[in-house]
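Please walk through this model.

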Amino acid sequence: ADVLGTYAPSSDAGFSGSAPTRVLDSRLGIGAPKAKLGAAQTLTLAIPALPAGATAVVLNVTATNPTAAGNLTVYPGGGTLPGTSNLNYVAGQTVPNMVVVPLGPANTVTFYNSAGTVDLVADVLGSFS
C-alpha cells in the first residue's frame with residue numbers, strides 16, 4: 001500500500017463534485033494529440049473549467065490498449081515524478097482507477113507511462129479547494 005495523502009479534520013478544504021467531464025482521450029485527440037503515450041514519456045494536461053481556488057482534482061483515469069506491461073503515474077504538473085504509480089496494467093488490458101492529484105501551475109497534472117505505449121482517458125469528477 002502506498003500513502004498518497006491525508007485529510008486534516010480541521011481543514012477548510014472542501015470537495016466539490018461535478019458531473020463526469022471528459023478532459024483527455026488520446027484515442028480521439030481530446031485534450032492532447034491523437035496518439036498513444038510512449039515509454040518513459042509524460043503528458044501534461046491543463047484541467048479546464050475548475051472552480052477558482054482549486055488545489056486538487058479528482059479524476060477517473062483509464063489506461064487502455066497498452067502494448068506492454070507497465071504503470072501510469074499521475075502527479076502535479078511541474079512536479080517531480082513520485083516513486084509510486086496510480087495504475088498498473090499488462091499488454092492489452094484496460095484498467096481504470098480514481099485518482100486524487102494536487103494541481104500544478106495553471107491547473108496542470110502530468111501523466112507518466114513507464115513502458116510500451118498506451119492510450120489515456122481521463123474524466124474530471126470534482127475538485128478540492
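Valine 61 is in contact (heavy atoms within 4.5 Å) with Leu72, Val74, Leu87, Val95, Pro96, Asn97, Val99, Phe111, Val121 and Ala122, leaving aside its neighbours within four places in sequence. This is a predicted model: local features need pLDDT of at least 70, side-chain atom pairs count only at pLDDT 80 or more, and totals for chains, interfaces and linings use all residues. Residues are numbered from 1 along each chain as its sequence is written, and side-chain values use heavy atoms, with hydrogens and water left out.

Val61 belongs to the largest nonpolar core, which has 27 residues. Such a core is a set of buried Ala, Val, Leu, Ile, Met, Phe, Trp, Tyr and Cys residues joined through side-chain atoms within 4.5 Å. Buried means under 20% relative accessible area, exposed over 50%, partly exposed in between (1.4 Å probe, protein chains only). Ile47, Val57, Leu59, Val61, Val109 and Phe111 have the most contacts inside this core. At least two core residues come from each of β1 (15–25), β2 (41–46), β3 (56–64), β4 (70–76), β5 (87–89), β6 (95–102), β7 (108–113) and β8 (119–128). β3 gives the most, with 4 residues. Strands here are DSSP runs (E, at least two residues), numbered from the N terminus.

Next, the sheet. An open sheet of 4 strands runs in the order β2-β7-β4-β5, with antiparallel pairing. Two strands pair if DSSP finds at least two bridges between them. β2 and β5 are the edge strands; each has a single partner, so one side of each has no neighbour in the sheet. β2 and β7 pair over 6 bridges. In this pairing, alanine 46 stands opposite threonine 108 of β7.

At 68% relative accessibility, Ala106 is exposed. Asparagine 107 sits in the loop between β6 and β7 as well. Its phi is about 60°, although it is not a glycine. Asn107 is partly exposed, at 25%.

What links the charged side chains Arg22, Asp25, Arg27 and Asp123? They form a network of salt bridges, each a side-chain nitrogen of Lys or Arg within 4 Å of a carboxyl oxygen of Asp or Glu. Arginine 22 meets aspartate 123 at 2.5 Å, N to O. Arginine 22 lies in β1 and aspartate 123 in β8, so the pair ties together parts 101 residues apart in sequence. Arginine 22 also bridges to aspartate 25 at 3.6 Å. Arginine 27 reaches aspartate 25 at 2.8 Å. Aspartate 25 is buried, at 1% relative accessibility, whereas arginine 27 is partly exposed, at 35%.
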